[in-house]
Amino acid sequence: MTATPHETKNASRTAGIPFLLKTAFINAAIALVLFSLMVGIRTEAGSDGQLTYWARFGDLASLVAAVFGGSIVIELLRQWIGPTGTEKLVPASVQSSMSFVGRYLAPALLIFTLLVPVIFYNQRYILDLAILVLTYVMLGWGLNVVVGLAGLLDLGYVAFYAVGAYSYGLLATNFGLSFWVCLPLAGILAAFWGVLLGFPVLRLRGDYLAIVTLAFGEIIRLVIINWQDLTGGPNGVSGIPRPSFFGIPLDNSDDGLAAKLGIEYSPTHRIVFLFYLILALALLTNWVTIRLRRLPIGRAWEALREDEVACRALGINTTTTKLTAFATGAMFGGFAGAFFATRQGFISPESFTFQESALVLAIVVLGGMGSQLGVALAALAMIGGFELFRSLETYRMLVFGMAMVLIMIWRPRGLIGHRAPTVYLTKAQTISSDLVKEGHG
Amino acid sequence: MSGEPILSVDRLTMRFGGIVAVQDLSFAAERKKITALIGPNGAGKTTVFNCITGFYKPSGGAIRLTHDDGRQIALERLNDFRIAKQAKVARTFQNIRLFPGMTALENLMVAQHNALMLASGFTFLGLIGVPTYRNAEKQAIALATDWLKRINLLDRADDAAGNLAYGDQRRLEIARAMCTEPALLCLDEPAAGLNARESAALSELLLSIRDELGTSILLIEHDMSVVMEISDHIVVMDHGVKIAQGTPQEVRDDPKVIAAYLGTDEEEAAAVMESGS
């Protein structure tokens with residue numbers, strides 16, 4: 001009895017050809033049914049408005065043949081480098097060099113990031129893109145607290161981004177408060193909304209939690225659209241002040257930073273300043289998250305993700321633990337939102353759609369839930385990669401989707417799926433992703 | 001020391017809809033003693049446990065916990081995490097509930113959450129790294145290390161709990177419960193799935209908890225060898241009511257227990273009870 005699973009596993013690996021052909025035939029048959037009408041018959045309006053149609057057997061046959069061949073190839077690939085078998089295939093020497101790379105990747109990336117404005121000083125496009133990537137890195141790190149550490153699936157993260165952006169936008173345009181005063185306020189307000197969202201969803205788990213957070217994101221957006229007196233509705237808020245260098249504006253005036261430093265003014269100064277601003281904010285997020293993980297609250301978040309019932313049996317107040325996770329994640333979202341508002345100078349509800357939430361969540365999942373480096377790499381790949389494929393035009397989404405599917409087959413738990421312990425006696429051993437739970441949703 | 005029992009359950013009743021799982025159950029657990037709650041499957045033992053540890057709210061009755069200093073706590077009024085936090089009642093689970101993706105050491109650190117939370121000034125002081133928190137963390141690690149030594153898992157401290165052998169996980173769960181520094185330790189079938197050697201090690205661990213630390217223990221157990229060896233007092237339940245109580249010897253000889261526990265086949269009952277002794 002006990003040997004049966006092993007045998008069947010072996011059988012599926014070795015007894016290939018009949019199995020391969022069977023799968024390929026089934027897939028080809030499905031393709032035939034699907035494409036026979038979609039591709040096989042071409043309809044058009046004739047010269048007198050009547051329907052003309054003709055069959056395209058050649059196209060249909062080549063499509064079905066492609067599916068047949070493709071499914072054989074995919075099945076072979078799946079058997080040889082299946083998702084579970086990858087680690088065994090990698091030789092030990094390669095693995096050790098990988099861990100060497102892994103150790104120095106983060107510092108190397110950080111140094112490179114610090115030098116980006118120096119290297120690409122004259123390339124405005126790259127600087128703008130870098131700022132965008134860093135914004136998403138920050139959002140990813142913020143959401144990582146909620147999804148990656150506490151294991152609470154939040155589909156409405158963009159709500160806090162919006163709260164932060166509108167907090168700064170409205171406070172600055174109505175009361176003339178400066179960016180540096182508004183930044184903490186935006187974080188506090190977003191955290192407040194995080195707690196507010198937290199209360200009703202405390203009892204919810206999994207799919208239900210995801211749906212309510214999704215709805216919350218939409219509610220915030222709809223309130224912004226409809227509360228025209230305050231938010232300007234669909235027209236948004238414009239004329240949001242640009243950030244100043246601690247009170248010194250970055251413009252072409254006599255009081256500007258360039259004039260004070262006695263250098264020639266260039267619009268790039270502001271871009272470089274924004275770059276370092278978002279870098280500092282993102283690094284703050286990272287630093288706080290790393291520290292929080294090593295504090296009791298961070299351990300409680302991870303314990304909550306692993307087993308909520310056990311947490312309660314140990315006297316951990318799961319209510320406040322969840323609320324602090326929501327509030328902390330929301331606060332970083334609020335900071336990022338305030339930055340977004342000051343960078344754009346104009347905000348409207350269109351910037352805060354569900355697509356943004358989905359993108360940030362995709363970054364967290366792709367990066368490996370809970371991994372700071374993984375999230376940064378995923379943000380670079382998602383946002384940077386999206387720009388990279390710009391030349392493909394309409395096929396961009398297709399290529400991108402395929403890349404994501406492939407990565408998720410290759411690494412189902414994200415780019416960096418393993419977990420580093422927060423405390424150790426002798427040696428910090430990474431924990432395989434198989435053991436780490438994904439949370440209750 | 002107060003002469004009162006640490007835990008006294010008075011006319012505890014638990015109903016799920018029309019089903020009465022526990023009816024008018026009264027018993028007491030002596031201070032610094034090991035009390036066992038036994039009974040056939042479905043007798044309502046785990047329900048009693050869940051009422052005591054706050055996972056269920058009893059339909060009726062009172063559960064009193066009396067601390068060493070005479071402080072009395074009505075457990076039926078506390079719920080959820082407060083029983084562990086304020087009343088200092090720790091528990092383990094029938095199906096092990098460790099944090100599998102965290103190391104053995106981290107599991108024991110999470111158990112000290114409330115103490116560390118205070119020391120870290122509810123995170124704010126810890127975030128800026130004040131020395132009082134760092135000292136508290138060192139102490140917490142020392143306590144965890146001490147427990148890892150006791151359960152003989154010091155060399156596996158940095159391994160993921162999910163990677164440990166089954167018997168080690170059982171012992172780690174007990175250590176984790178003990179790291180909350182409880183007054184009463186409730187164990188739900190700690191010997192389930194253990195082999196004879198592991199059961200013996202478990203008995204030794206529980207006796208050392210009672211004798212060296214003076215922690216009172218309440219346990220549910222099916223393994224008669226463990227129950228008979230370590231219990232000071234045994235309460236026998238069947239169909240939600242108490243049918244007998246007393247010392248292991250008294251319970252073993254009680255015809256009602258033998259009849260209820262193993263059906264009416266007294267020969268079989270005697271055989272199993274023999275093997276347990």
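Two strands pair if DSSP finds at least two bridges between them. Strands (E, at least two residues) and helices (H or I, at least four) are DSSP runs numbered from the N terminus.

I noted that the model is predicted: local features need pLDDT of at least 70, side-chain atom pairs count only at pLDDT 80 or more, and totals for chains, interfaces and linings use all residues. Residues are numbered from 1 along each chain as its sequence is written, and chains are lettered from A and ligands numbered from 1 in the order in which they are written.

The hairpin has 2 residues between its strands, and Gly17(B) takes a positive phi near 60 degrees.

I then turned to chain A, which holds 18 helices and 4 strands. Of its 441 residues, 38% count as buried (20 or more other C-beta atoms within 10 Å of the residue's own, with C-beta atoms placed from the backbone).

I examined helix 16 (residues 354-367) of chain A, whose 14 residues reach 20 Å from first C-alpha to last, close to the 20 Å expected at 1.5 Å a residue. The expected span is 1.5 Å times one less than the number of residues.

I listed the buried residues of helix 16 of chain A, among them Ser357(A), Val360(A) and Leu361(A). After helix 16 of chain A comes Gly368(A), with a positive phi near 105 degrees.

Key:
Buried ≥ 20, exposed ≤ 12 C-beta atoms within 10 Å, placed from the backbone.
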